[in-house]
Every structure is written in structure tokens, then in C-alpha cells.
Amino acid sequence: MSFEYFKIFFESWLIVYLAMGYFIGFFFGAVPGLTATLAISLLLPLTFGMEVLAALVTCVGIFVGGIYGGGVTGILINIPGAPAAAITVLEGYQLTQQGKADRALSHSSFSSMIGGMIGALFTIFLIQYVSEFSLYFKTPDKFSLILMAIVVSMLINSKDMMKGIIATLLGLMLAAIGIDTFDAVPRMSFGIENIREGVQLLTIVVGTFAIAEIFNQLASIPLRAKDILEKFNANQNKFDFKPRREELKEIGFWSYVRSSVIGFLTGILPGAGAAMAALLAYAVSKGFSKRKNLFGKGSIEGIAAAETANNAMCPGAIIPMLTFGIPGDAVTALILGVFTLHGLVPGPMLMIEQADTVGPMLIAFLITPVLIVISLFLFGRYYIKIPLVNRQLLYPFIAFTAMIGLYAATFSLVQLVHAAIIGFVIFLLSARNYPTVPFLLGFILGPIFENSLRTSMALSGGDLTIFLRSPFSLGLLILTAIMIYFLGIRLPKMLQEQENESNN
Amino acid sequence: MKTVSRLFALICIVSLAFSLNPVFGSDYPEKDIKHIMPWAAGGGTDTVMRAFMKYYEQELGRKIYTVNVKGAKSGLGVNELMSSAADGYTIGSLTYDSIVTVPYFGLLKNYSLDKLQFVATVTMHPTVLVANADSPYKTLEDVIAAAKKAPGKLQVSNVGLGGVWHLPMIDLQQQAGVKFDHIAFAGGSGEQREALLKRETDLACMSIGGAFPLVKAKKAVILAIMSEERLAEYPDVPTLKEKGYDAVWGSLRSIAVPKDVDAAKVKILADAAQKTAASKQWKSWLEKNGGGWTFIDGAGTQKYVEQLQKKVFKQLDELVASGDVKK
């Protein structure tokens with residue numbers, strides 16, 4: 001990776017776009033109910049008119065900022081801004097109650113920086129090899145990888161497996177609406193002209209994340225500023241953000257490396273996501289720790305593990321998207337959207353033909369983590385103001401922006417109606433604990449899932465064993481089966497036992 | 001104070017007078033023109049037509065803004081053009097699918113090309129048969145011989161059965177008395193290129209524009225081109241015609257307006273299109289982006305479209321009857 005890509009940030013406006021992206025992502029991540037996915041989807045219509053590099057760099061900033069921001073509100077007031085932050089909140093809010101919010105914030109951002117940078121370095125060194133390898137990765141292998149992504153995200157994101165399966169299938173079904181890409185026959189349109197074109201990704205994202213969330217807010221009682229400050233324990237907490245030497249020693253160098261590797265690998269695995277990365281790293285760190293008794297009571301080690309891992313996940317998650325064209329989660333799917341909007345096709349040719357675009361984008365993953373720490377030192381003492389934002393004002397504004405953006409991108413009133421309907425349905429479903437992430441991933445991966453299946457079948461003349469004959473495909477299928485066993489069967493049982501034990 | 005308000009009033013009057021200007025002069029076009037692009041932003045057609053519009057608006061002297069209305073294999077966008085006001089301020093792009101696939105398969109109820117009149121055709125990309133540079137197939141004869149030896153084994157990619165890259169191969173296979181295995185990659189020419197690189201398929205049938213990146217990178221070779229004559233850019237590549245197969249295939253990009261736009265306006269649009277097409281900037285842009293320069297006027301396009309429909313509909317009827325394509 002050439003030094004040129006570094007220089008370009010400081011010779012142009014790119015660094016400004018990156019910082020802007022980071023702060024937008026951070027804000028959306030930090031405000032409970034808003035997500036980085038929503039931030040990118042609001043921005044997507046704007047990227048039509050942007051330089052492709054500026055658009056991508058902004059997305060990277062949002063992605064990383066969103067993951068980190070989720071932990072901040074969680075630490076301060078015990079409400080995770082994003083699911084990825086659940087572990088950080090578990091430990092961080094304990095510290096806040098003890099009057100040590102600054103310690104929690106300090107380590108959440110310091111570890112985020114380390115994790116993010118290590119993850120980015122891994123990605124920069126590996127991308128060329130993965131990209132070359134992807135030439136051997138054929139259509140049946142792609143099918144198995146997508147299958148794994150769908151299954152894993154379903155397993156990880158749903159508490160009730162039946163509901164998870166239903167949500168995933170709903171996503172896949174919605175994706176099937178429209179004109180059959182192989183045969184030019186309309187499917188599942190019930191004769192309605194308006195849905196012959198199918199449902200569009202942006203519409204689904206706006207419906208699922210903006211509209212549904214507004215219904216959610218209408219249905220819930222807003223937190224008052226007084227309660228928030230009470231939760232924060234305002235009198236006791238100070239703002240000294242420098243990580244102390246003894247704390248760093250306590251965490252230990254290897255712990256950072258370990259968590260980074262775990263996070264990075266989880267990122268490469270499509271469908272697993274940041275929450276999974278944090279959970280795994282946390283569990284492993286607990287196993288290695290000398291102070292296991294502190295875990296759950298405000299352990300800095302725990303925060304460090306979780307935040308290192310979920311930030312190392314971000315650059316990792318970009319790898320399958322760039323090399324195989326398979327996004328592992330909603331944010332990378334939208335970044336893929338930016339790629340296709342600008343006519344860049346992921347795959348083995350991308351690194352050869354578009355190195356000048358991909359290179360600086362990867363460097364952005366290396367620079368953003370530094371922003372995390374800078375912003376903590378500059379603005380850390382004001383972080384508590386973020387949950388005080390008047391959400392009654394914020395939400396209509398976001399809905400308005402989302403709808404305008406959607407209209408600007410599609411020039412179609414029909415899409416607005418679709419978004420509203422989808423939003424309402426998703427609100428009803430999520431109120432009944434149907435998970436939204438598998439739904440969205442089902443919708444995003446649905447078309448490439450179908451295409452890779454049907455093309456594989458055409459290649460093999462209808463012979464299903466094509467998926468077992470390729471070593472990569474076979475390996476991925478076995479891995480999927482292992483995942484189903486551990487995440488779908490073993491884990492719920494273990495949790496059940498744990499619950500029983502604590503009840504006795 | 002008084003002078004200021006007087007000055008202000010004067011400015012107002014003058015600017016008002018200027019804003020009334022178009023009322024007095026009535027030269028078409030008086031305002032910006034909307035261009036409906038029926039394919040996704042960033043795709044091949046979008047990129048090429050946006051580039052054309054950039055030079056076209058210089059000739060017309062008004063801004064042209066592009067709106068992407070994708071879906072239904074370009075049907076939705078063209079459908080919107082059909083139902084637009086016939087005031088000359090909405091134009092649209094059409095491609096092969098808008099002319100053949102959408103009407104033949106009846107993808108939209110009220111879709112009919114009779115509701116349009118063509119302004120011009122600005123690119124024509126001949127279809128090509130491509131093989132991986134390291135593959136054993138170096139010439140068209142190799143391919144035909146291999147297909148004769150093992151009927152139905154040689155795999156050729158397209159982007160959809162019954163579509164623009166599938167039919168040429170059906171044509172060839174009928175004329176040569178062979179049979180290929182047709183593999184559809186619904187993701188588009190990007191996937192076709194990838195599959196060719198990975199040797200998943202033996203051959204790819206695609207537009208010369210689509211094959212351009214691979215050929216330029218010397219990763220693939222063009223075995224045959226389906227134009228009337230050899231191309232100046234690829235003098236060594238034989239046409240199917242000279243090899244004894246009467247198969248001329250290509251994909252075009254045309255500009256059209258609603259039927260009732262009056263002739264004077266269409267003439268202005270057509271003349272500007274001709275000038276744009278002849279311009280150096282446009283020619284050099286195309287050369288850098290895969291070539292395919294052509295110019296056919298409105299009447300010529302209309303004739304071409306009718307011929308194309310007649311020829312392809314008949315072929316599609318046969319394919320539907322034999323069950324190779326679903327309707």
C-alpha cells in the first residue's frame with residue numbers, strides 16, 4: 001500500500017469528509033434508536049453527486065464512528081446506542097455508577113483506536129491475497145458463503161429462533177418481488193404495476209430504520225433530562241481521559257492483540273457483526289484474566305476487549321464485500337451500494353482496476369480510529385449532552401430527511417408509500433420481538449443468493465452435489481453446520497442452564 | 001434612505017424585466033430538459049448516456065438533467081417517457097431491452113413503442129464472443145469444432161435467457177448446427193467477466209463495451225465480432241459474417257421523445273444530436289470507454305427497430321415453443 005494514498009488525505013478535502021463522516025456516525029451511534037445504517041442511508045442520495053472517493057471515505061467514517069458511538073451513551077446512562085455496544089455497557093455503566101465514567105470512556109476510545117488500527121493494518125496487508133484467492137472462489141462457493149451469512153446473522157440476532165427464521169424468510173420473500181432476473185417474468189406482484197419493479201433497498205432501509213423507529217418513539221415514554229443526569233450520577237464523575245499506566249498494564253499488550261484478531265476474524269465472517277465480535281473477545285478475555293471477579297462489576301479489561309474487537313471488526317467486514325461482492329451486514333451493504341452507484345464492481349478485478357479508490361478507502365480505516373481519541377479529548381466532557389438531545393424534535397426531522405432523500409434517489413412517490421408501509425409493519429414485528437437485522441440481511445442477500453444458486457444449477461446441469469464437490473463450498477457448509485450446532489443448539493441450552501442455576 | 005429604496009426598486013424592475021425575457025423570445029428549448037434514464041445509475045448505459053448528455057446540452061444551450069427510473073428491464077423508465085407531456089422538455093434513453101424484451105414479454109400493460117418517436121441512435125455496440133486468454137479456444141473454428149464434438153457441453157455465459165446476449169448464441173448454434181450450454185449470470189456483465197476469468201464458463205457472449213476491460217488487460221481475447229464489417233479498433237478480429245454465419249447482433253442506445261412532440265422541436269433535438277455525435281469530444285470519450293460510435297437519425301432508427309423486432313420476435317417465438325425460454 002503506497003504512501004501516496006496517505007498523502008491524498010491531507011492534500012485534498014478527503015480528511016474533512018472523513019471527519020464529517022465520523023462525527024455523523026458517532027452522533028447517530030450515540031443517540032439511542034439511531035443507527036449508523038440510517039446515517040448512511042440518509043447520505044446515500046447525496047453520494048450520487050459526490051466524488052466516489054469522498055463518498056466512500058464518508059461512509060467509512062460513519063461506520064467506525066457509529067460502532068464506537070454506540071458504547072458512549074451506554075456507558076453514561078446505561079442505554080446502548082447500538083447492539084454492538086451491549087458488552088461495553090454492561091461493564092461501563094458499573095464504572096459510571098462508581099463515579100469513574102472517565103475511566104470507562106477513556107478505555108473504550110483508547111481500545112477502539114487500537115482495535116481499529118490493528119484491524120485496518122490486517123486488512124491492508126491481506127486484501128491483495130484475499131483478492132487473488134477470490135479468483136478461485138467460484139459461483140457455488142459464493143452460494144455457500146451467502147448461505148452462511150444468512151444463517152449466522154439469523155442465529156446471532158434472534159432470541160427466539162422461530163421468530164428469527166420468520167424474519168429472515170420475510171426478507172428473502174420481499175427480495176423475490178419484481179421481475180425475474182433470469183427469465184423476464186414478473187413474480188409475486190399480484191398484478192400491481194407499482195411493485196413490478198420490486199422493492200428497493202433504500203426504501204427498506206428507510207422503512208426499517210427511520211419510519212419504524214419513529215413509531216417506536218411514539219409508543220415509548222421519553223426520558224427526561226433530569227432522569228438522565230440522575231442516571232449519569234453527575235456530581236461524582238470527573239473528566240480525566242488519559243489512560244493510566246497501571247490500567248494499561250492490567251489489560252496487557254496481548255489482550256489487545258487477541259481481541260483485535262478475534263474482532264477482525266469475526267468481521268471477515270459475513271453475518272456475524274460487531275456484537276458477536278465484542279461478545280467473543282469479552283468471553284475469551286475473561287478466560288485469560290487474573291481478575292475474573294471484576295468482570296460484570298466494572299472491569300476495564302472487559303471494556304477493552306469488547307471495544308478493541310468491535311472496532312477491529314469494521315475493516316475486516318469490508319473484505320468479503322470488496323473481494324466477493326458479499327456484504328456481511330447492513331452498513332457494508334450500503335457501502336456496496338455506493339460502489340455500484342459509481343460503476344465499481346467488487347471482485348477480483350477491483351484491486352487491479354480500482355486500486356486508487358480502494359487504497360485510500362482502506363487508509364481511511366487507519367485514520368478514523370485516531371479521530372476517536374482526538375474527539376474524546378476535545379469533546380469528551382460534553383458527551384453527556386448527547387442523550388439530552390430532544391428526540392421529539394429529532395425524529396420528525398430525520399423522517400423528513402429520509403423521505404426527501406428517498407424521493408431524490410428514486411423520483412417515485414410509490415417508494416415513499418412503500419417505506420411507510422414497511423416501517424409500520426416492522427414496528428409491529430419488532431414490538432413482538434421479531435429481529436430486524438436478519439430481515440434486512442435476508443432482503444439484501446436475497447437476490448445474490450438466488451442468482452448464485454440458479455447459476456450454480458445451470459453450470460452443473462441441476463446437480464446439487466456441485467456444492468459438495470468444491471472444497472471451499474464444502475468447508476463453508478460444514479462451518480455453517482457447526483455454527484448451527486453451537487449457536488442454535490448449544491448456546492441456548494447453556495443460557496437456559498445458567499438461568500436455572502441463578503434462579504435456584 | 002430614500003435613495004436606497006429607489007435603487008432597490010430599480011434593481012427589482014430590471015431583474016423582473018430580465019426574468020420575463022423568455023416570454024418574448026420563443027426559441028425552443030427555453031428551459032432545462034429532463035432526461036429519463038431507464039437503467040441504474042453507474043451502469044454501462046447510464047455512464048455512456050450521461051456523457052453524451054454532457055456534450056448534447058452544449059449544443060442545445062440548455063441544461064439536461066438525468067433522472068434514473070430503473071426497473072422492469074428498462075420498461076418503467078421508458079413507460080414514464082411515454083406518458084410524459086409532449087412539450088419537448090422530456091427526453092429518454094432506450095436500449096435493446098426497451099425495444100425487444102419489454103414489449104415481447106409483456107412486462108408492462110400499456111407499454112407500446114408507438115407512443116414514442118425516435119430522435120437518434122448514438123451508440124451501437126456489436127456483440128462479441130470472448131474467451132479467456134489462456135483457454136484452448138483461440139479461434140471461432142476451435143469453438144465450433146469443440147461444440148460439435150461434445151454437444152451441449154461448451155458453456156457460454158449471458159445475462160438472462162431470451163435476453164440480448166443469449167439470442168446471438170442461439171442464432172449461431174442454429175446456423176452452425178451445434179449446441180451450447182447457456183449459463184445466465186443475472187448480476188450483469190461484471191459477473192460474466194468474473195466467471196470468464198475464473199474459467200467457470202468457457203466463453204462469454206457480451207457487448208464489445210462489456211468485454212473491453214478484460215481485452216485491454218489482455219486477460220481475454222475476442223474470437224468473433226457480430227458486426228457487418230471488421231472494426232477499425234480490432235482489425236484482426238473476424239466477423240461472424242465473413243466466417244459464413246449470417247448473424248449480425250448488437251446493442252444500441254437511442255434517444256426518443258413522446259409521440260406528439262411537434263416536428264419543429266424534434267428537428268432541433270435531432271440536429272443537435274447529430275452535431276454532438278459528430279463532435280471530437282464525444283468521439284474521443286467513446287474511444288476511451290469501449291467505442292461503439294454510430295449515428296442513425298430518427299427515421300433510420302425507427303426502421304432499424306421495426307426490423308429488429310420482426311427478426312427477434314420470430315426467434316423468441318421459436319424459443320418459447322421449444323421451451324428454452326419462458327414467457
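Two residues are taken to be in contact if their C-beta atoms, placed from the backbone, lie within 7 Å. On that basis, 75% of the contacts in chain B with a separation of 6 or more join residues 24 or more positions apart. The model is a predicted one, and in it chain B has 12 helices and 10 strands. The C-alpha atoms of chain B fill a box of roughly 95 × 40 × 30 Å along the principal axes, and buried residues make up 47% of the 327 residues in this chain.

Between the two chains, 32 residues of chain B are in contact with 29 residues of chain A. The elements of chain B that each supply at least two residues of the side touching chain A are helix 5 (101–105), strand 6 (181–184) and helix 8 (189–197), and the largest share, four residues, comes from helix 8 of chain B. The classes on this side of chain B are as follows.

| Class | Side of chain B that touches chain A |
|---|---|
| Nonpolar | 15 residues |
| Polar | 10 residues |

Within chain A, helix 4 (residues 52–77) and helix 14 (residues 300–324) pack at an angle of about 160°, with their axes 9 Å apart. Because angles over 145 degrees count as roughly antiparallel, helix 4 of chain A and helix 14 of chain A are roughly antiparallel to each other. Their crossing is right-handed. Helix 4 of chain A contributes A:Phe63, A:Val64, A:Ile67, A:Tyr68 and A:Gly71 to the contact, while helix 14 of chain A contributes A:Glu307, A:Asn310, A:Asn311 and A:Cys314; by class, the residues of this contact divide into five nonpolar, three polar and one charged.

Key:
Residues numbered from 1 in each chain as written. Chains lettered and ligands numbered in written order. Predicted model: local features only at pLDDT ≥ 70, side-chain atom pairs only at ≥ 80, totals over all residues. Nonpolar A, V, L, I, M, F, W, Y, C, P; charged D, E, K, R; others polar. Buried ≥ 20, exposed ≤ 12 C-beta atoms within 10 Å, placed from the backbone. Axes fitted to C-alpha atoms, helices over the stretch in contact; angles between N-to-C directions. Parallel < 35°, antiparallel > 145°, perpendicular 65-115°, else oblique. Left-handed = near helix turned anticlockwise from the far one by under 90°.
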